[in-house]
Amino acid sequence: MSLLLTLNAGSSSIKFALFEQRPHGLERLAVGQVEGLGERAHFCAVTTAGERHEQQIDGAAADHGHALQGVLDWLRLSFPNREVTAVSHRVVHGGAEHVEPILLDDENRAQLETLVPLAPLHQPHNLAGIDAARAAFPQAQQVACFDTSFHRSHPFVSDTFALPRQYYEQGIRRYGFHGLSYEFISRQLKSRHPGLLAGRVIVAHLGNGASMCAMRAGRSVASTMGFTALDGLPMGTRCGQIDPGVLLYLVSERGMDAQSLTDLLYRNSGLKGMSGLSNDMRVLLASDLPSAREAVDYFVEQCRRELGGLAASLGGLDALVLTGGIGEHSAEVRSRLLRSMGWLGIDFDESANQAGAEEISLPRSSVRVLVLRLLPQLQQPQDACLQSSKGRPQASHHQKRQQS
């Protein structure tokens, strides 16, 4: 039987899953991730047979290249004499042209390279994953699936900036991101809550990267992210919404060039920049530092503002779905976001929220609130990997730095 590998080489982690094609469909064989890429990283993988692999990765080996090679080496050792016939890659930016997955070749691989300036924190790692997989599995079909494709259904008013029309025609428009996440949630709603999918739904993908998407009848009509993955909500290291005048000021009065601005906005802002401590929400919630508390307060406040704005664009709201690392696992952030949203029709159940229930709204709530996992079919092994790394190398590392 042939094997299918899915690979998500992101800005701070690498996630993967391995499936086997069976007569009845795909059957999962393994799932894993490398989390905390940088100075220290943690590799965890679990097979459906219960075999578990964990490895701490320190120093120079904790970069994307070494981590990717480690993942591929583990797969070959764990499943010898099995042929990977297809690899599916998450690619953050597909531009205006790509509205569906594509079979990769040298030509379109090179075309995706031209989009690196629009997603400098993600696209290079996505492409590195493609290159590594093509080298490791030269006979396999390589497929690119784009985070921007889901949002190509936007109406013009949600797709444009208030610039001369020529810039829109040249491709300067609101692309939106996290589309694979939103498409997956849309499919989950279709199978499990079809009545909700037909209505007005906001999905909040809250994690190290964070955004929200307004959907009507399962199609994206507005997103908090725009031309790049910087816009909208504050994120782990990205600033989110910012007055363009601030950037002009930094250039004209502070002498910052394009590279300095890129480093500031993509890598040294957001929760990390505001707190001066960490980009990890778990670390910030556990900290007594005022700056950590203020970073969390700002994150929650911006989520509330964007939630209200997207509800206005939909003309009302029938359901809110929370997903992503923070959305799925932080009951405290969910509580702080939802407790002030009664005016929108959200009446949430704190007990269900603390218990990690799928539905955390009360029966009387006019807006249903769901917590849906991005990988529900991988829940147990994925949670095992996540649990093994919670608070471990990144939390202790940042806390030690702060104490010193």
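These legends describe close-up views of a predicted model.

**View 1. An open sheet of five strands.**
The strands run in the order E11-E10-E9-E12-E13, and their pairing is mixed. Strand E11 (219-223) and strand E13 (368-371) form the edges, each pairing on one side only. On average, neighbouring strands are turned by 25 degrees against each other, direction ignored. Strands of a sheet pair through backbone hydrogen bonds, in either the parallel or the antiparallel sense.

**View 2. The pairing of E12 with E13.**
Strand E12 covers residues 319-323. E12 and E13 pair in the parallel sense, over four bridges. Leu322 has Val371 in E13 as its bridge partner.

**View 3. Two helices packed on the sheet.**
Helix H6 (residues 179-192) touches strand E9 (200-206), strand E10 (210-216), E12 and E13. The direction of H6 makes about 45 degrees with that of E10. Helix H14 (residues 331-338) also packs on the sheet, where H14 touches E12 and E13. The direction of H14 makes about 155 degrees with that of E12.

**View 4. The crossing of H12 and H14.**
Helix H12 spans residues 290-314. The axes of H12 and H14 come within 9 Å and cross at roughly 50 degrees. The two helices are therefore oblique to each other. H12 passes H14 in a right-handed crossing.

**View 5. Residues where H12 meets H14.**
H12 contributes Val296, Asp297, Phe299, Val300, Cys303 and Arg304. H14 contributes Val333, Arg336 and Leu337. The contact residues divide into six nonpolar, no polar and three charged.

Conventions
Residues numbered from 1 in each chain as written. Predicted model: local features only at pLDDT ≥ 70, side-chain atom pairs only at ≥ 80, totals over all residues. Heavy atoms only, no water. Pairing = 2+ DSSP bridges. Axes fitted to C-alpha atoms, helices over the stretch in contact; angles between N-to-C directions. Contact = heavy atoms within 4.5 Å. Parallel < 35°, antiparallel > 145°, perpendicular 65-115°, else oblique. Left-handed = near helix turned anticlockwise from the far one by under 90°. Nonpolar A, V, L, I, M, F, W, Y, C, P; charged D, E, K, R; others polar.
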